[in-house]
Amino acid sequence: MYPVNVNAFDVFGELRAAGTIAFGAAVMRSAAKTVKGTLDIVHNILGIADWDLVEKDEDGFYSQYDPVPIITAGRCRVWVTSNETEKEDIAAGDYLEIADLGGSNTLPVGAFQQMSAETGTCTGDVREVGSLARALEDVTLTDIELVADDLAVGGTAVTLSEADMTLLDLAVGDYIVLEDIDGNAMINRVKAVTSTVITLQLASTVALAKATDMVHKLHQVEVLLL
């Protein structure tokens, strides 16, 4: 993971985490004086959770009640995932929106996708109402891959085919999203990886079903917040 802050115009740290928040996630208000990872397709983000060098209960994540430094303007790096319908790599100048992880997901993630990717059109060069950031670099994304075995809530081992694992090209420390077909999702991190198994840093809060549910690899993209 690269530093989140590139050249921020403003960072404030007066709010605390309402729950687990990944470093680099987009955040929104949760309740009075608290924030959470942004839900899919919302426009009222406060900013991006910066990388904090202070030791955390979970490496790479803020836990409930931790103070969260938030980048509200300027250049920073955000997490971006592919579109499920049509993978399009990110090109400098593309507009980004909060990722549509399907249906009525109410679990906070805070990842981005190319603008209008939920429609399958991937018109990243068109600024729309939901445009929250503009990419400042070209980034090649990976496809989203299906799990090869069921995963129960509380599980920490995700199985994929060897071919799909190769395509995801994961390494220890990479951030990923687990998503079921109904749109329930969580952001997680790779604790260990083999040719077919991802060991999760956090116990899964979503149940995944073989051959229908998915793993996204998240990629950092340098952006200008809009």
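How do the residues of the lining of the largest pocket divide into nonpolar, polar and charged? There are six nonpolar, three polar and four charged.

The model is predicted, with local features needing pLDDT of at least 70 and side-chain atom pairs pLDDT 80 or more, while totals for chains, interfaces and linings use all residues. Residues are numbered from 1 along each chain, and side-chain values use heavy atoms, without hydrogens or water.

**View 1. Lining of the largest pocket.** Tyr 2, Trp 79, Leu 218, His 219 and Gln 220 lie nearest the centre, among 13 lining residues. Strands β8 (70-80) and β18 (219-225) each give two or more residues to this lining. A pocket is an open set of points on a 1 Å grid where a 1.4 Å probe fits, with protein on both sides within 12 Å along at least five of seven lines; lining residues have an atom within 4 Å of a point.

**View 2. Salt bridge between Glu 222 and Arg 75.** The closest N and O atoms are 2.8 Å apart; a salt bridge needs a side-chain nitrogen of Lys or Arg within 4 Å of a carboxyl oxygen of Asp or Glu. Glu 222 in β18 and Arg 75 in β8 are 147 residues apart in the chain. Glu 222 has 13% relative accessibility and counts as buried, whereas Arg 75, at 32%, counts as partly exposed (buried is under 20% relative accessible area, exposed over 50%, partly exposed in between; 1.4 Å probe, protein chains only).

**View 3. Salt bridge between Lys 56 and Asp 52.** The closest N and O atoms are 3.1 Å apart. Both Lys 56 and Asp 52 are buried.

Definitions and conventions
Helix = DSSP H or I, 4+ residues; strand = E, 2+ residues; numbered from the N terminus. Nonpolar A, V, L, I, M, F, W, Y, C, P; charged D, E, K, R; others polar.
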